[in-house]
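Hello,

I am passing a structure on to you. Please open it first, then read the notes below.

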Amino acid sequence: MATTLQGKRIAFLAADGVEEVEYVQPREAVEKAGATAELVSLKPGTIRAFNHLDPSKPYDVDVTVAEADAGRYDGLVLPGGVANPDFLRTDLDAVRFVRAFFDAGKPVGVICHGPWTLVEADVVRGRRITSWPSLRTDLVNAGATWVDEPCVTDNGLVSSRKPDDLPAFCAKIVEEFAEGPH
């Protein structure tokens with residue numbers, strides 16, 4: 001398993017307010033599998049993670065989304081947290097970056113509130129997806145079929161509901177990133 005993703009580069013798109021465990025555990029999983037992970041964000045410097053509503057550690061940004069090229073990456077992860085995807089979905093560069101992965105058929109992992117950015121990118125129509133329960137109406141209104149399951153995969157899109165789902169989510173994103181474009 002340690003070389004499953006050897007030579008692959010995975011983007012983690014996150015901003016201030018990212019749910020720490022939803023960033024850290026998936027990043028550890030893809031790095032353990034041999035991938036290079038990069039934190040892409042709205043501004044240079046650092047972002048502040050949260051443990052639910054409590055501020056946590058800062059994390060260094062590798063590249064801003066305005067400078068990032070989706071073509072350089074083999075997959076994308078959108079961690080949750082409430083504020084994080086709210087910031088991302090209002091940023092045109094972030095929305096374009098996300099859409100580029102779907103246009104290229106590259107695998108994407110999204111958890112918790114992360115699908116808000118997918119709604120803004122208009123990439124959930126006709127897809128089966130899960131999320132934090134409060135996003136159900138947003139996803140259905142955007143044309144998705146929402147289900148309440150720990151981990152859902154639909155043609156390279158891996159989605160999960162919450163931190164309790166991270167073991168299944170992490171295993172599945174590694175598998176999908178290893179498979180490559182769909």
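Asn84 is buried, because its relative accessible area is 0%, under the 20% cut-off. Bear in mind that this is a predicted model. Asn84 sits in helix α2, which covers residues 83-89.

Two backbone oxygens face its side chain. That of Pro79 lies 2.9 Å from a polar atom of the Asn84 side chain. Neighbours within four places in sequence aside, Asn84 is in contact with Ala14, Ala15, Asp16, Gly17, Val18 and Pro79.

**The largest pocket**

Next, the pocket. The largest one has a volume of about 240 Å³. Its lining has 13 residues, and Glu19, His52, Gly81, Val82 and His113 are the closest to its centre. By class, the lining holds 7 nonpolar, 4 polar and 2 charged residues.

**Helix α6**

Helix α6 spans residues 166-179, 14 residues in total. From first C-alpha to last, α6 reaches 20 Å, close to the 20 Å expected at 1.5 Å a residue.

Which residues of α6 are buried? They are Leu166, Phe169, Cys170, Ile173, Val174, Glu176 and Phe177. An α-helix has 3.6 residues a turn, so residues three or four places apart point the same way.

Just after α6 comes Gly180, with a positive phi of about 85°.

Best wishes

Definitions and conventions:
Residues are numbered from 1 along each chain as its sequence is written. This is a predicted model: local features need pLDDT of at least 70, side-chain atom pairs count only at pLDDT 80 or more; totals for chains, interfaces and linings use all residues. Side-chain values use heavy atoms; hydrogens and water are left out. On a 1 Å grid over the protein atoms alone, a cavity is a set of points where a 1.4 Å probe fits but cannot get out, and a pocket is an open set with protein on both sides within 12 Å along at least five of seven lines; lining residues have an atom within 4 Å of a point. Grid points are joined across faces, edges and corners, and a volume is the space filled by probe spheres set on the points. Ala, Val, Leu, Ile, Met, Phe, Trp, Tyr, Cys and Pro count as nonpolar, Asp, Glu, Lys and Arg as charged, and the others, Gly among them, as polar. Helices (H or I, at least four residues) and strands (E, at least two) are DSSP runs, numbered from the N terminus. The expected span of a helix is 1.5 Å times one less than its number of residues. Buried means under 20% relative accessible area, exposed over 50%, partly exposed in between (1.4 Å probe, protein chains only). A polar contact is a pair of N or O atoms within 3.5 Å; within protein, one must be able to donate a hydrogen and the other to accept it, and residues adjacent in sequence count only if both atoms are side-chain atoms. Contact means heavy atoms within 4.5 Å.
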